[in-house]
Amino acid sequence: MAVWDLSVTVEELGPEAPPLTVSVTSDLHIGGVILKIVEKTQIKKDWSDHALWWEQKQQWLLRPAWSLDKCGIHADARLAFTPQHKPMLLGLPNGVTLRLRARFSGPAFQTVMGICKVLNIRRPEELSLLRPVEEKKKKKDKEMTEEVYDLTGVPLTSASVPGLYNGMPAHFADSPQTEAVYKMLSTTQPAPAPEIIAKMYRPASVVDKAHIHSRWLDSSRSLLQQGVQENDKLWLRFKYYTFYDLEPKYDVVRLTQLYEQARWAVLLEDIDCTEEEMMLFGALQYHIIKVSQSEPQGMKSCPAMDDLDSALQCLEVKMEGETSSMDMLETMATVPELHDYLKIFRPKRLTLKGYKQYWFTFKDTSISYYKSKEESFGEPIQQMNLKGCEVAPDVNVAGQKFCIKLLIPAPEGMNEVYLRCENENQYSQWMAACRLASKGKNLADSSFSSEVANIQAFLSMQRSNPGSQSAQADESINTQSLVSPRYQKKYKAKQLTPRILEAYQNIAQLSLTDALLKFLQIWQALPDFGLSYFVVRFKGSRKDEVLGIANNRLIRIDLGVGDVVKTWRYNNMRQWNVNWDIKQVAIEFDGNVNIAFSCVTANCKIVHEYIGGYIFMSTRSREQSETLNEELFHKLTGGHEAL
């Protein structure tokens with residue numbers, strides 16, 4: 001067997017050192033090559049984290065038993081012997097930048113898992129890494145270098161759930177510096193100055209938002225393969241908007257970072273909300289900042305009570321799933337119904353017709369409507385089955401507008417229908433009924449009354465309390481920091497203060513955890529919540545359009561007008577595949593509906609990963625909740641590279 005020379009660069013020898021030359025044969029395995037390199041360097045240290053990186057092919061050689069011949073390596077190969085874990089800069093949703101050691105050799109999905117383990121964030125599959133948006137550097141800003149908190153000394157733990165000391169993971173309790181960093185991760189940041197909000201990058205259009213979504217890293221390839229170098233900066237963000245199993249007791253960092261991501265989405269107008277909602281968001285932020293300053297241990301509670309709560313929750317889940325056949329018979333006999341006069345409006349393009357009043361009945365999961373109450377014994381004008389529909393509120397409490405927006409599945413997409421209720425009471429009942437029906441439940445379901453109560457509580461938060469005396473002008477409240485630039489321009493601070501304090505009266509009693517959860521709940525109820533946009537071109541179309549990807553549906557949006565053209569749900573999806581040669585995604589739905597599109601702003605791998613990722617999220621269940629099925633994730637998101 002011929003002996004030949006292999007050239008290897010070793011980082012430890014310094015940047016100026018020439019590459020080492022190692023004599024090898026083609027049947028020598030990778031492990032043997034590493035052994036020769038280590039011997040030749042004559043440096044005594046722990047080399048266990050090092051591996052070989054093949055520069056020309058942009059790939060890691062991580063299988064020590066494979067021979068050089070099997071890997072396809074010849075004398076012209078340039079290899080580097082380099083650590084698999086390297087320091088990088090990580091921007092968190094709350095604006096804090098950390099320097100920590102991350103894995104550069106495995107798939108990015110595993111890198112995120114490792115980072116989440118260090119930061120004590122559960123459910124790492126919901127997060128991912130993306131390249132930051134380049135901000136234009138002005139000369140003045142050169143002095144303002146951002147502060148970076150160093151966590152490179154924190155050991156990488158192997159335990160799946162890190163042990164807690166004083167409410168924080170053991171690896172943060174080692175020094176006062178790391179304790180301070182953990183505090184920053186787990187408590188909300190104070191309100192930013194209005195000038196800072198105004199300076200930050202705000203997407204001006206759907207196309208801008210689409211460009212941000214084109215920056216996600218590929219989960220199935222390593223950081224080094226994607227051109228990320230040591231000490232480069234990446235952002236860690238929640239990518240999939242399905243937050244499974246949020247437990248305030250265990251998820252202090254996760255809940256705080258999720259709130260921060262939601263707060264910035266609202267402040268930077270990344271998601272649209274009404275003026276009333278903005279005032280409520282402002283009030284909640286004010287309350288959260290106030291409470292977190294006064295009670296830093298706000299998340300702590302009695303462990304015995306927590307265990308009782310989780311036991312009750314599990315029991316509730318079990319009870320929901322185990323309705324006996326007797327109960328079924330009983331409910332079949334006495335399923336409640338709703339009957340009332342409501343107004344309906346079906347938006348069609350180029351029509352200005354308003355709402356018309358009809359007599360409505362709600363039975364099982366269907367709504368039927370008739371010309372009048374007297375005619376309700378005959379055939380209805382129309383019957384709409386709400387199973388699998390989308391339900392969104394369209395409410396203005398001050399203006400006494402209580403509308404329910406329904407998107408009802410149809411073979412060719414979704415039909416849009418608006419229902420208008422007379423008052424809060426009627427709205428709460430019909431809205432609760434629609435929400436249950438969308439999940440396939442009827443009015444006999446035990447959660448109906450609690451759903452009604454939740455909706456009423458939500459409405460009361462938006463109701464103003466003109467009689468309350470305590471809404472005095474609080475000098476310490478910096479209202480301009482609590483609302484987005486649009487409202488900073490529209491109103492002066494002295495106009496905003498009374499409005500935010502008015503909304504604050506309704507939430508002043510909430511604990512820190514409840515306030516964070518309430519903020520997230522209102523954010524999740526916004527019509528545009530959880531949509532990731534991509535500019536695409538549909539097969540057969542001559543113009544660019546926008547594809548919105550949500551946790552349960554795909555939406556086709558007209559780029560010019562911004563109107564929703566069609567909606568397709570994942571649960572009607574039969575299969576999807578990607579033609580990697582022409583970069584086209586093809587999807588087949590029930591009822592012989594086929595769509596295909598190519599991606600304009602992003603790599604089609606990102607779109608493919610989004611769809612597969614959301615389908616993966618929907619497979620999670622309590623039984624196997626503690627183990628993450630990494631193989632299934634890669635199967636659904638990896639594309640041809642994973643195979």
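The side chain of Asn 94 reaches the backbone nitrogen of Val 96 at 3.2 Å, a polar contact (a pair of N or O atoms within 3.5 Å; within protein, one must be able to donate a hydrogen and the other to accept it, and residues adjacent in sequence count only if both atoms are side-chain atoms). The model is predicted: local features need pLDDT of at least 70, side-chain atom pairs count only at pLDDT 80 or more, and totals for chains, interfaces and linings use all residues. Residues are numbered from 1 along each chain as its sequence is written, and side-chain values use heavy atoms, with hydrogens and water left out.

**Asn 94**

- Asn 94 lies in the loop between strand 6 (85-91) and strand 7 (97-103); helices (H or I, at least four residues) and strands (E, at least two) are DSSP runs, numbered from the N terminus.
- With a relative accessible area of 6%, Asn 94 is buried (under 20% relative accessible area; exposed is over 50% and partly exposed in between, with a 1.4 Å probe and protein chains only).
- Leaving aside residues up to four places away in sequence, Asn 94 touches Met 184, Leu 185, Gln 189, Gln 257 and Glu 260, where contact means heavy atoms within 4.5 Å.

**Helix 4 and helix 7**

- The axes of helix 4 (residues 176-186) and helix 7 come within 7 Å and cross at roughly 55 degrees; axes are lines fitted to C-alpha atoms, for helices over the stretch in contact, and angles run from 0 to 180 degrees between N-to-C directions.
- Helix 4 is therefore oblique to helix 7 (angles under 35 degrees count as roughly parallel, over 145 as roughly antiparallel, 65 to 115 as roughly perpendicular and the rest as oblique).
- Tyr 182, Leu 185 and Ser 186 of helix 4 meet Val 252, Val 253, Thr 256 and Gln 257 of helix 7.

**Helix 7 and helix 8**

- Helix 7 (residues 252-267) packs against helix 8 (residues 275-294) at an angle of about 140 degrees, with the axes 11 Å apart, so the two helices are oblique to each other.
- Helix 7 contributes Tyr 259, Arg 263, Val 266 and Leu 267 to the contact, and helix 8 contributes Met 278, Phe 281, Gln 285, Ile 288 and Ile 289.

**Asp 208**

- Asp 208 belongs to helix 6 (residues 206-213) and is partly exposed, at 23% relative accessibility.
- Asp 208 touches Tyr 201 and Pro 203, not counting residues up to four places away in sequence.
- Asp 208 and Phe 534 are 326 residues apart in sequence, yet 9.6 Å apart in space, C-alpha to C-alpha.
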